[in-house]
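Here is my note on the model you sent.

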Amino acid sequence: IVNLSDIFSMNAKPSQILLNIAVSSKFRSDAIHEFYDGVKIACDEYNVDLVGGDTSSSVSGITISCTAIGSVDKKNITRRDGAKPNDVICISGDLGRSYMGLMILQREKSNFIKNPKNQPELDNYKDLIEKQLRPRARNDIIEYLSGHNIIPNSMIDVSDGISSDLVHISQSSNLGFKVFEDKLPISKEVKKISEELNIDYLSSALNGGEEYEILFSLSPEDFNKIDKKVSDISPIGFFTNNKDKTIVCKDGREDELKSYGWNHFN
């Protein structure tokens, strides 16, 4: 699903996947069948076909590599480098749930290791944990934009944290931006659990990553075509001609938005 998200984030439609898997002898055959049952569920949900891939042995553990294939008319391709000054910066869904789900899982695992009699207590955190363990590719957002004849100027999926991915767009487009803390879609649940875990909810929302929401920019004219009540799309700021990367805090103070999300090469 996260591979399909990369296809959607270029305003394209995925059609096929190739799946390479290497497995050690420690895994039972029925476990592998169960894994492929999950793959089939995902393929059916997003209407894509598994068309091939290699299966081989592994010295230890399991390795999975997926390639997604999709297509789009050349005139409709959306890249990271197409943002324009005064574009409205938009994000689908809400932020921070995936990171909070990861923190809950790590806490319960730590408690279990200390005392195996302490079974994980996860019932109250189902929504957060599912966001982490079963991500959702936002094909509905792409379909909504297409249905309203809207082609975003720039787009990326939020996998490394919105702070990092927003910087990716701004650097690729040679622009700065200004976003507003009070416009970031952060659920009451995330704020509540952040207090329980003694975690800053704003930092979690900006840097947590693995959201697989769609971050994109629209001209003001195209933004006005969106029905704000039903689209699950939030405007959070705009791109600027200068190179400043700014977040406006709730108290009106302006700070540099630093990228603390996932960096693949550090």
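1. Does Leu-166 count as buried or exposed? Leu-166 counts as buried, because its relative accessibility is 2%. Here buried means under 20% relative accessible area, exposed means over 50%, and partly exposed lies in between (1.4 Å probe, protein chains only).

2. A word on the basis. This is a predicted model, in which local features need pLDDT of at least 70 and side-chain atom pairs count only at pLDDT 80 or more, while totals for chains, interfaces and linings use all residues. Residues are numbered from 1 along each chain as its sequence is written, and side-chain values use heavy atoms, with hydrogens and water left out.

3. Back to Leu-166. This residue is found in helix α6. Helices (H or I, at least four residues) and strands (E, at least two) are DSSP runs, numbered from the N terminus. Leu-166 touches Ile-89, Phe-177, Val-179, Leu-215, Phe-239 and Leu-257, leaving aside residues up to four places away in sequence. Contact means heavy atoms within 4.5 Å. Leu-215 is 49 residues from Leu-166 in sequence, yet their C-alpha atoms are 7.6 Å apart.

4. Now the sheet. Seven strands form an open sheet with mixed pairing, in the order β6-β8-β5-β9-β7-β10-β11. β6 and β11 (254-256) stand at the edges with a single partner strand each, so one side of each has no neighbour in the sheet. Two strands pair if DSSP finds at least two bridges between them. From one strand to the next, the twist averages 25 degrees.

5. Strand β6 (residues 154-157) pairs with β8 (residues 214-218) in the antiparallel sense, over four bridges. Ser-217 in β8 is the bridge partner of Ser-154. Ser-154 and Ile-156 point one way from β6, Met-155 and Asp-157 point the other way, and all are buried. Val-248 stands opposite Glu-254 in β11.

6. Two helices meet the sheet. Helix α5 (residues 139-147) packs on the sheet and touches β5 (88-92), β6, β8 and β9 (233-240); its direction makes about 75 degrees with that of β9. Helix α6 (residues 162-173) lies across β5, β6, β7 (176-180), β8, β9 and β10, and runs at about 150 degrees to β6. Axes are lines fitted to C-alpha atoms, for helices over the stretch in contact, and angles run from 0 to 180 degrees between N-to-C directions.

7. Next, helix α7 (residues 188-197). The buried residues of α7 are Val-190, Ile-193, Ser-194 and Leu-197. They sit on the same side of α7, because they cover an arc of only 110 degrees around the axis. That arc is taken from the directions from the helix axis to the C-beta atoms. Lys-188, Lys-192 and Glu-195 are exposed on the other side of α7. The buried residues of α7 pack against α3, α4 (126-133) and α8 (201-207). Just after α7, Asn-198 takes a positive phi of about 60 degrees.

8. Finally, Thr-78. This residue is found in the loop between β4 (62-71) and β5. Thr-78 is buried, with a relative accessible area of 1%. Its contacts, not counting residues up to four places away in sequence, include Ser-9, Asn-11, Pro-152 and Ser-154.
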